[in-house]
Amino acid sequence: MTDNEEIKKHSLNLENRERLDMDGIIDVEAFNEEEITAKSSLGNITVRGGGLHIEVLELESGTLTLSGKIDAVIYSASRDKKGLFKRAFLQ
């Protein structure tokens, strides 16, 4: 997270493993029908499953709604967009 990104309210609501509503989303970094990776105010979130679709994406309000068969929701630390070389040798 950069200095100018403030921590915003973040929440998840999962209904029957078929619909996931999230708040506090800053960006969607990658998506396909098996995996969606989003950047939240508290780190990256990866959602894995099948037939995943983005129903609502409103970055101004930080809202993301997904539908499909949801198998996993995984949090990880946000990674800087620097290349491998810069991360490994220039810290």
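Trainee: Hi! How many residues sit between E3 and E4 in their hairpin?

Mentor: Three residues lie between E3 and E4 in that hairpin. Before we go on, this is a predicted model, in which local features need pLDDT of at least 70, side-chain atom pairs count only at pLDDT 80 or more, and totals for chains, interfaces and linings use all residues. Residues are numbered from 1 along each chain as its sequence is written, and side-chain values use heavy atoms, with hydrogens and water left out.

Trainee: Okay, and what do the E labels stand for?

Mentor: E marks a strand, a DSSP run of at least two residues, while helices are H or I runs of at least four; the numbering goes from the N terminus. Strand E3 covers residues 25–31, and strand E4 covers residues 35–40.

Trainee: How many bridges are there between E3 and E4, and in which sense do they pair?

Mentor: There are five bridges, and the sense is antiparallel. Two strands count as paired if DSSP finds at least two bridges between them.

Trainee: Is E4 mostly covered or mostly open?

Mentor: Mostly covered: five of the six residues in E4 are buried. Buried means under 20% relative accessible area, exposed means over 50%, and partly exposed is in between (1.4 Å probe, protein chains only).

Trainee: Let's zoom in on Thr 46. Which strand is that in?

Mentor: Thr 46 lies in strand E5. With a relative accessible area of 11%, Thr 46 is buried.

Trainee: Which residues does Thr 46 touch?

Mentor: Leaving out residues up to four places away in sequence, Thr 46 touches Glu 35, Ile 36, Thr 37, Ala 72, Val 73 and Ile 74. Contact means heavy atoms within 4.5 Å.

Trainee: And which strand does E5 pair with over 12 bridges?

Mentor: That is strand E6, residues 63–76, and the pairing is antiparallel. Ile 54 stands opposite Leu 66 in E6.

Trainee: Zooming out, in what order do the strands form the sheet?

Mentor: Six strands make an open sheet in the order E1-E2-E6-E5-E4-E3, with antiparallel pairing. Strand E1 (11–15) and E3 are the edge strands, each pairing on one side only. On average, neighbouring strands of this sheet are turned by 35 degrees against each other, direction ignored. For such angles, axes are lines fitted to C-alpha atoms (for helices over the stretch in contact), and angles run from 0 to 180 degrees between N-to-C directions.

Trainee: New topic: how many salt bridges does the structure hold?

Mentor: Four. A salt bridge is a side-chain nitrogen of Lys or Arg within 4 Å of a carboxyl oxygen of Asp or Glu. One of them links Asp 71 and Arg 17, with the closest N and O atoms 3.1 Å apart. Asp 71 lies in strand E6 and Arg 17 in the loop between E1 and strand E2 (19–23), so the pair ties together parts that are 54 residues apart in sequence.

Trainee: What else does Asp 71 form a salt bridge with?

Mentor: Lys 69, with the closest N and O atoms 2.8 Å apart. Arg 17, Lys 69 and Asp 71 are linked in a network of salt bridges.
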